[in-house]
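Visitor: Please show me the model. I have some questions about how it is put together.

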Amino acid sequence: MSTRYTLKIYRGSPGHQYWEEFEFELIPMANVISSLMEIQRNPVNKQGSQVAPVVWEQGCLEEVCGSCSMLINGKPRQACTALIAPIIAQTGNTTITVAPLTKFPLVRDLIVDRSVMFENLKKVSGWIEADGAYDRGPGPKMSQRKQEIRYVLSTCMTCGCCSESCPQVNSHTQFMGPAPIAQVRLFNSHPTGHMQAAKRLRPLMEAGGISDCGNAQNCVRVCPKKIPLTDAIASIGRDVTLQALRDLFSFPDRE
Ligand code: SF4
Ligand code: SF4
Ligand code: FES
């Protein structure tokens with residue numbers, strides 16, 4: 001006998017959100033995105049009414065771009081890797097709730113505006129300035145251990161799941177969330193990036209910076225890339241303190 005499942009989707013526009021259910025037959029490897037595509041092909045709800053197709057964002061379909069992040073059964077995660085069968089097996093429930101992230105402005109249905117994450121990366125200069133006009137040679141060597149620490153940090157896809165789970169990211173604070181802080185660790189630990197370490201650390205001393213972290217540790221639990229966010233926050237916290245002292249005593253920036 002075939003299994004049927006229901007996606008209960010919190011949809012609509014700002015100020016007018018409502019739940020709407022759609023029913024499907026379970027097919028092997030079905031995931032939340034393939035179910036949303038099915039709604040797009042045939043936008044008929046569980047009551048049999050023709051409705052506007054649900055809108056969502058997607059890019060890579062392999063948990064690399066972060067654009068399909070949403071709340072699935074209340075948990076922030078990527079819809080493209082949310083397989084239906086394991087969710088049903090885990091919960092024993094054939095109804096799965098799907099809702100947009102709540103810490104970002106709602107655009108429509110499952111689309112939110114995550115621009116703030118990219119603005120925060122700009123604030124901390126989340127890149128390495130390198131003049132690619134001529135070949136500078138192979139550059140300094142990096143130890144295996146450092147490479148391993150940096151690799152996992154580099155997998156951040158600015159999905160926003162960490163901010164969604166963080167109690168300190170709310171309408172009463174300006175906290176930038178853990179992801180940009182982890183990116184400061186990534187870029188400051190690069191031999192070239194290190195030359196601009198102070199430029200990345202100073203914005204973290206401002207309102208919304210590192211001192212807003214309450215160490216609730218929710219972020220590490222939800223990060224799909226298993227980035228050790230609290231380790232990064234602790235490490236960068238020490239660097240921020242040292243930088244504040246250097247600034248206080250007007251020591252020159254480290255080179
Ligand atoms: S740190 Fe993890 S949860 Fe946060 S944006 Fe990056 S990948 Fe997503
Ligand atoms: S440790 Fe807690 S307060 Fe700090 S960024 Fe992570 S979830 Fe937010
Ligand atoms: S579509 Fe890119 S992470 Fe899901």
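Visitor: Which helices do the buried residues of H9 pack against?
Guide: This is a predicted model, where local features need pLDDT of at least 70, side-chain atom pairs count only at pLDDT 80 or more, and totals for chains, interfaces and linings use all residues. Residues are numbered from 1 along each chain as its sequence is written. Helices are DSSP runs (H or I, at least four residues), numbered from the N terminus. Packing here rests on contact, meaning heavy atoms within 4.5 Å, and the partners are H4 (144–154), H5 (161–165), H6 (178–188), H7 (197–201) and H8 (218–222).

Visitor: Which residues of H9 are buried?
Guide: Buried means under 20% relative accessible area, exposed over 50%, partly exposed in between (1.4 Å probe, protein chains only). In H9 the buried residues are Leu229, Thr230, Ala232, Ile233, Ser235, Ile236, Gly237, Val240 and Gln243.

Visitor: What span does H9 reach from its first C-alpha to its last?
Guide: H9 has 20 residues. The expected span is 1.5 Å times one less than the number of residues. For H9 that expectation is 28 Å, and the helix comes close to it, reaching 28 Å.

Visitor: Is Phe249 buried or exposed?
Guide: Phe249 sits in the segment after H9 (229–248). Its relative accessible area is 52%, so Phe249 is exposed.

Visitor: Which residue just after H9 takes a positive phi?
Guide: Look just past the end of H9. The phi there is about 55°, and the residue is Ser250.

Visitor: How far apart are the C-alpha centres of domain 1 and domain 2?
Guide: The domain assignment, automatic or from a database, gives domain 1 (4–111) and domain 2 (114–248). Contact links 15 residues of domain 1 with 14 of domain 2. Their C-alpha centres lie 31 Å apart.

How values were computed
Chains are lettered from A and ligands numbered from 1 in the order in which they are written. Side-chain values use heavy atoms; hydrogens and water are left out. Helices (H or I, at least four residues) and strands (E, at least two) are DSSP runs, numbered from the N terminus.
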